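Take a moment to look over the sequence and the model. This report then walks through a helix pair, a chain interface and a single residue.

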Amino acid sequence: MASKGLQSFSRSLKTLRAFTSSSKDPLTQCLAPRLSRSMATETSMPSQISREYDPTFFQTATDPAFELQVLTTIYKFPTMEPLRFESYASKHLHLPLRRDILHRAVIFEGDFTRQGTASTKTRWEVHGSHRKIRPQKGMGSARLGTKQSPMLKGGGKSFGPHPRDFATALPKKMYDLAWRTALSWRYRRGELIVCEDGMDIEHPYGRFVKQIFDHNHWGKADGRSLVITGDFKENLHTAMQEAGEDGRVQTVREVDVKDLLELGRVIIEKRALDEILAEHQSDLVSKVRSAV
Amino acid sequence: MRRITIPGRSIDLLRARATGQTPSPYLCSVCKHHATSFSTTRIRAARNSKVPLTEKIRRRIWGTDRPPGLEDPYGGKSVFENTRGRAEVEEPEEREGRLEAAKPTPDLSTYEPASTWDGLEKVGGYEGWWEENWDPYHQFDGFLPKEVVKDSDEITAALRRAVVEVFALQWAGLPLRDISAAAPGDDLTLEVQISPSAAGAALEFSQEASLEDIVQSLTPAVEDETTVKGNQTESEEDVAADRSTIDPLHPSSEVDETAAKENPTESEEDVAADRSTVDPLSQMTYDELVASWDPAWLQISLENPEVKFAVMKRTMQLTGLRIPDAAIMPAKTVKALLAHLIKPPKPRKLVEALEQKEELMNLPNVSIYAKRITPIDKHKRVGRWKVIEKELMERGLPVTGHEKEDHAQWR
């Protein structure tokens, strides 16, 4: 009995050995499912940094650090001294780029902004008598009715423009997503500079604000900059009127998605950023208040 | 009272007669009003000739026209009277006469009146007023230096300096938010060894650069400035001397130090000059410096947000590079931050991008140009273009493009 048990044990050991030897084959090793994913290991820094396309987005897209919160530096406005870090929700400032949504938002805004006041007169609106110009027959020329006829000079316009509303519709959730996508795009590119509340300058002169823009590399040579403030800042707004080639300043109420995408960078007061984010999060916040 | 400069009025004549010799008292009330409501220098000059009341009384008392004693017994003249007196001594006409006499008489024989304004001195106007009077007093000074460091080795050195300084502050138990309190001076951290450890980083200070020195260099020199105002840059000298001893890489630093001590009244410019000569980088370039460090310092963790913020802030202050938030966020180690910092900016033109490709540039049959190669360029390359151009000019044919008349024909 005991010898039989030993025999079966040795047989099973042999099969086990055979199995392990077969699994030494590199192919099966590769194909075998791994139980644990190896942690990303830091490789040594390459001697020459690659000057090719830099896929930072793909690196950060899977980075768990970006899952919930992103970090923002708050600067003191004219001096640009970093003051502290603040965190924002990833769904506010770290959304993936959606060109289609941005395009729709810009078109929506453009349509909405159209004045639509072009107006022409039809033949019924042109002033004058409706008397027949010449007899129907016997003159040797074409038959004509009234002089307001669209084919005559001074006549009406057949299918001319009339005042109308060009506005198109865009779902609010999509528009709000476009706002945050635009801000996220700026954030990812490092072109969103958040400043401490109360950003204003000392002197209301264009030459002074030009100095500031030149010092911080925000000016015309660096693609101009949009400055967004929470409310009207007397000195800054007055000064920027004289420094239009270096950028422009707008209050948060005047800004739209296209403005955010237009210039080289966006310098925004924290208050204004918070206001934009609070206003444009209808796709994140339920309209119905939860019962709990 | 309003001052007017009217050359002369009939009312003045009237008044002078009224107050002066003839005591005829008649003046209509309107004229009286006019005469008193203006004050002109002319009237004041007229009044000065009058003998003051106190003098009159003195004369009456003494009974003579020249009474003994002080001219004004009630104290000396006031400041205003002194200045007025000085002005009166030199009458305007006299002064002008004197100035004209002092002026060298120009030689009018070679004088030619200018027919155009070219080359003439421009007088008056407000052109350049702001540049002269406003700009020098309202210079903007930002936190970041205006000049951005471009050399990658220099950036690496700046980042290492920032890391060492931050951890030195942490070791000293000082708040990390004071990292940028002092304006960046000389780099004291070159000899400090830094390596990653469980608590962040381990620093090994050498004799030349101690923890105290580094921390002292980071604290704002408020007390220094106050003493400098009082006694002639003594403390500044000390600081300079300290710094020169700290510098290990400069063999002649002792000479400078003694020289500095011998001249205690050296001006600040000289001190700055001393420092620049003491600069270790004059002998050791940045790439040698970076190569001399143990690369382990790149593995220092930046997980602590406070440390990360301080390092970022100091690096920005030292290099002038603004580190975007999207790069700060994922940087877990110093290496990740450095990888972002020394990344070259995206080329703006296709030529720049292509020129950076080694494999393209090395190909024998490929050449890269910034502009389109035209037939003219090909002619120029073989030296034929000048001849062609000359021939075309001789025949009156257009050298480049078409003549306008050609288009006009078909219009």
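Which residues in α8(B) meet which residues in α15(B)? This is a predicted model. From α8(B) come B:Ile155, B:Ala158, B:Leu159, B:Arg161, B:Ala162, B:Val163, B:Glu165 and B:Val166. They meet B:Val307, B:Ala310, B:Val311, B:Arg314, B:Thr315, B:Leu318 and B:Thr319 in α15(B). By class, the residues of this contact are ten nonpolar, two polar and three charged.

**The helix pair**

Two packed helices are described by the angle between their axes and the distance between the axes. Here helix α8 covers residues 152-171 of chain B, and helix α15 covers residues 305-319 of chain B. They pack at an angle of about 135°, with axes 9 Å apart. That angle makes α8(B) oblique to α15(B). Their crossing is right-handed.

**Helix α15 of chain B**

Is α15(B) largely enclosed or largely open? Twelve of its 15 residues are buried, so α15(B) is largely enclosed by the rest of the structure. Among the buried residues are B:Phe309, B:Met312 and B:Met316.

Just after α15(B), B:Gly320 takes a positive phi of about 80°.

**Where the chains touch**

At the interface, 28 residues of chain A are in contact with 27 residues of chain B.

The largest share, six residues, comes from α7(A). This side of chain A has 13 nonpolar, nine polar and six charged residues.

**A residue in α6 of chain A**

A:Thr181 is found in helix α6 of chain A. A:Thr181 has 23 other C-beta atoms within 10 Å, so it counts as buried. Which residues does A:Thr181 contact, leaving aside its neighbours within four places in sequence? They are A:Leu95, A:Leu97, A:Arg98, A:Ile101 and A:Leu102. One of these, A:Ile101, is 80 residues from A:Thr181 in sequence. In space the two are 8.3 Å apart, C-alpha to C-alpha.

Conventions:
Residues numbered from 1 in each chain as written. Chains lettered and ligands numbered in written order. Predicted model: local features only at pLDDT ≥ 70, side-chain atom pairs only at ≥ 80, totals over all residues. Axes fitted to C-alpha atoms, helices over the stretch in contact; angles between N-to-C directions. Helix = DSSP H or I, 4+ residues; strand = E, 2+ residues; numbered from the N terminus. Parallel < 35°, antiparallel > 145°, perpendicular 65-115°, else oblique. Left-handed = near helix turned anticlockwise from the far one by under 90°. Contact = placed C-beta atoms within 7 Å. Nonpolar A, V, L, I, M, F, W, Y, C, P; charged D, E, K, R; others polar. Buried ≥ 20, exposed ≤ 12 C-beta atoms within 10 Å, placed from the backbone.
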